[in-house]
Amino acid sequence: MKNLKALFLILIIAHMAIIFAFSSQAGEDSGKLSGYVVSEQKKVTKKISENVTDYGITYIDDFIAENVRSMAHCFLYSVLAVLIFTELKLRGIKGLQAAALSIALCFLYGVTDEFHQSFVPGRDATVGDVTADTAGAAAGVVICFIAIKIYEIIKLRKTDKRCKGNN
């Protein structure tokens with residue numbers, strides 16, 4: 001258990017370093033990365049476009065192009081929240097308390113990351129990014145609760161089968 005706690009702490013720090021590295025990119029470099037993601041996504045939607053109207057493809061392409069950065073924030077912070085939530089649970093902190101603490105820590109890291117980003121050339125700090133970070137963290141915590149509930153259901157079914165088999 002001690003090794004598992006240490007592993008999750010290392011994963012949390014490593015993931016925070018990844019977020020910090022993305023935030024350290026100059027505005028031009030960050031824009032190029034976002035542009036690359038959008039162009040690759042357009043290739044994918046083009047391949048599946050036989051089953052979707054042209055309007056649908058255009059709508060998907062436009063939506064992703066406009067929201068690629070927010071989606072990246074949500075994704076990165078949902079992963080961070082899952083890691084923090086798991087670490088807290090391993091340390092004996094209960095469900096809702098672990099959830100609230102996970103979201104709060106992600107929010108605080110998001111605020112400090114935006115502050116750091118305000119010093120990077122071509123970048124600025126935005127409330128929208130912190131909102132996306134926090135929404136992603138909340139989504140990550142919801143994913144944790146769903147995973148826990150699925151695990152409990154599976155465990156209960158196995159126990160029920162064992163009890164019925166003994167009768």
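**View 1. Surroundings of serine 102.** Leaving out residues up to four places away in sequence, serine 102 touches Ala81, Ile84, Phe85, Leu88 and Val141, where contact means heavy atoms within 4.5 Å. The model is predicted: local features need pLDDT of at least 70 and side-chain atom pairs count only at pLDDT 80 or more, while totals for chains, interfaces and linings use all residues. Residues are numbered from 1 along each chain as its sequence is written, and side-chain values use heavy atoms, with hydrogens and water left out. Serine 102 belongs to helix α4. With a relative accessible area of 0%, serine 102 is buried (buried means under 20% relative accessible area, exposed over 50%, and partly exposed in between, with a 1.4 Å probe and protein chains only).

**View 2. Surroundings of alanine 81.** Alanine 81 is located in helix α3 and is buried, its relative accessible area being 0%. Apart from residues up to four places away in sequence, alanine 81 touches Ser102, Cys106, Ala137 and Val141.

**View 3. Histidine 15 and helix α1.** Histidine 15 is part of helix α1 and counts as buried at 9% relative accessibility. Beyond its neighbours within four places in sequence, histidine 15 contacts Leu76, Val79, Leu80 and Leu83. Its C-alpha atom is separated by 8.2 Å from that of leucine 76, 61 residues apart along the chain. The buried residues of α1 are Phe8, Ile12, His15, Ile19 and Ser23. The end C-alpha atoms of α1 are 33 Å apart, which agrees with the 33 Å that its 23 residues should span at 1.5 Å a residue; the expected span is 1.5 Å times one less than the number of residues.

**View 4. The largest nonpolar core.** This core has 19 residues, of which Ile19, Tyr77, Leu80, Ile84 and Cys106 touch the most other members. A nonpolar core is a set of buried Ala, Val, Leu, Ile, Met, Phe, Trp, Tyr and Cys residues joined through side-chain atoms within 4.5 Å. Two or more residues come from each of α1 (2–24), α3 (54–90), α4 (95–117) and α5 (127–165), and α3 gives the most, with nine residues. Leucine 80 is in contact with Ile12, His15, Met16, Ile19, Cys106 and Tyr109, residues up to four places away in sequence not being counted.

View 5. From its first C-alpha to its last, the 23-residue α4 reaches 32 Å, close to the 33 Å expected at 1.5 Å a residue. Among the buried residues of α4 are Gly95, Ala98, Ala99, Ser102, Cys106 and Tyr109. Leu101, Leu105, Phe107, Leu108 and Val111 make a nonpolar surface patch of about 390 Å². Patches consist of residues with over 30% relative accessible area and no salt bridge, like charges being joined within 9 Å and nonpolar side chains (Val, Leu, Ile, Met, Phe, Trp, Tyr) within 5 Å. Leucine 101, in helix α4, counts as partly exposed at 34% relative accessibility.

**View 6. Two salt bridges.** The count comes to two salt bridges, each a side-chain nitrogen of Lys or Arg within 4 Å of a carboxyl oxygen of Asp or Glu. One joins the side chains of glutamate 87 and arginine 91 at 2.4 Å, N to O. Glutamate 87 is buried at a relative accessible area of 5%, whereas arginine 91 is partly exposed at 46%. The side chains of lysine 149 and glutamate 152 also meet in a salt bridge, at 3.5 Å, N to O. Lysine 149 and glutamate 152 are separated by about one helical turn, because they are three residues apart in helix α5. Lysine 149 is partly exposed, with a relative accessible area of 49%, and glutamate 152 is partly exposed, with 40%.

**View 7. The whole chain, for orientation.** Buried residues make up 30% of its 167 residues. The accessible surface, from the Shrake-Rupley method with a 1.4 Å probe and, for residues, only the protein chains shown as cover, comes to about 11000 Å², of which 68% belongs to carbon and sulfur atoms.

Note on methods. Helix = DSSP H or I, 4+ residues; strand = E, 2+ residues; numbered from the N terminus.
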